[in-house]
Amino acid sequence: MSGLYAPLFFGNKMWPDSIKNDFASQLHRFLATLTDIRWRMEGITKLYIPKEGLDISTEQAAKDKELVQRLESAMVHWCRQLKDVSHSQDASIVDENNGPLEEIEFWKARSQDLLGISQQLDQPSIKQITQILRLAKSSYLPQFLKLAEQLQSNTKRADNNLTFLLALKDPCHELADAKPNEIPKMLPRIISLIRVIWVNSEFYNRPEMLTALFRKVNT
């Protein structure tokens, strides 16, 4: 759709402007939703980047009100995706049925997803769209920039959590494979490692985080 059909539709010069603008808006919404759903099934947050208007100067694009509105719609969708990622920050705490190994996998997947989003935000096409909307004085730009900045903080937190939790990976694998009579002698080491996380972690040192981690070990 984005590689073949969309360029044909957006490049069509035969339609009246009113029909073309309405069709282009609907097509962008469809492609944004399709892109989001397709990659979400793999646990990846993928931003749909419109290619329309990227072949002209930012000054010229900023003067096209219809184009600006379509780019704003894409940015609104980006904001919604960034909010969803931000709100899932402590999702692992809620599910106490998972063990510490699942906790590690959660932060590993989250760290990779956040890194992927950061790399997408650094793409020239997104920076160009951002500049177009800045020149057009779009009211949606400040919220997007705020969410992008918050993403950097969330990425730092996920990386920090994963770094410390990885210390529990091997002991918890051993605990999962241990016989009941072998478990008591393993617990002091795990408790000691959790204490190290509590003392040194920048984000995992809150009481509710440590309480949830102990419950997961118990699971």
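These are my notebook entries on one predicted chain, going from the overall fold to single residues.

**Ground rules**

I am working with a predicted model, in which local features need pLDDT of at least 70 and side-chain atom pairs count only at pLDDT 80 or more, while totals for chains, interfaces and linings use all residues. I number residues from 1 along each chain as its sequence is written, and I keep in mind that side-chain values use heavy atoms, with hydrogens and water left out.

**Confidence**

I looked up pLDDT (the predictor's confidence in each residue, from 0 to 100) and found a mean of 86 for the chain, with 95% of its residues reaching 70 or more. Confidence is lowest in helix α5 (residues 91-94), where the mean is 52, and highest in helix α7 (residues 124-135), where it is 95.

**Fold and overall form**

I counted secondary structure as DSSP runs numbered from the N terminus, with helices being H or I of at least four residues and strands being E of at least two. The chain has 11 helices and 0 strands, and its pattern along the sequence reads α-α-α-α-α-α-α-α-α-α-α. The radius of gyration is 23 Å, well over the 17 Å that the globule rule gives for 219 residues, so the chain is more spread out than a compact globule. For the record, that radius is taken over C-alpha atoms, and the globule rule is 2.2 Å times the number of residues to the power 0.38. I also noted that the C-alpha trace spans about 80 × 30 × 25 Å along its principal axes.

**Contacts, surface and charge**

I take contact to mean heavy atoms within 4.5 Å. Among contacts between residues at least 6 apart in sequence, 70% join residues at least 24 apart. The accessible surface, from the Shrake-Rupley method with a 1.4 Å probe and with only the protein chains shown counting as cover for residues, comes to about 12,900 Å², of which 55% belongs to carbon and sulfur atoms.

For charge, I counted Lys and Arg as positive and Asp and Glu as negative, leaving out His and the chain ends, and I placed each charge at NZ of Lys, CZ of Arg, CG of Asp or CD of Glu. The chain has 28 positive and 27 negative side chains, and the centres of the two sets lie 3 Å apart.

**Buried residues**

I use buried for under 20% relative accessible area, exposed for over 50% and partly exposed in between (1.4 Å probe, protein chains only). Buried residues make up 42% of the 219 residues.

Leaving aside neighbours within four places in sequence, L31 is in contact with M1, S2, A6 and Y48. I also checked L31 against A158, which is 127 residues away in sequence, and the C-alpha to C-alpha distance is 29 Å.

I then turned to Q120 in helix α6 (residues 100-121), and Q120 is likewise buried, with a relative accessible area of 6%. Not counting residues up to four places away in sequence, Q120 touches T45, K46, L47 and I126.

**Exposed and partly exposed residues**

I found D22 in helix α2 (residues 17-40), where it counts as partly exposed because its relative accessibility is 49%. The C-alpha atoms of D22 and E66 are separated by 9.2 Å, although the two residues are 44 apart along the chain.

D170 belongs to helix α9 (residues 169-177) and counts as exposed at 51% relative accessibility. Its C-alpha lies 9.3 Å from that of L101, 69 residues apart in sequence.

I looked up two loop residues as well. A167 lies in the loop between α8 and α9 and counts as partly exposed at 39% relative accessibility; A167 and E102 are 65 residues apart in sequence and 14 Å apart, C-alpha to C-alpha. K137 lies in the loop between α7 and α8 (141-165) and counts as exposed at 74% relative accessibility.
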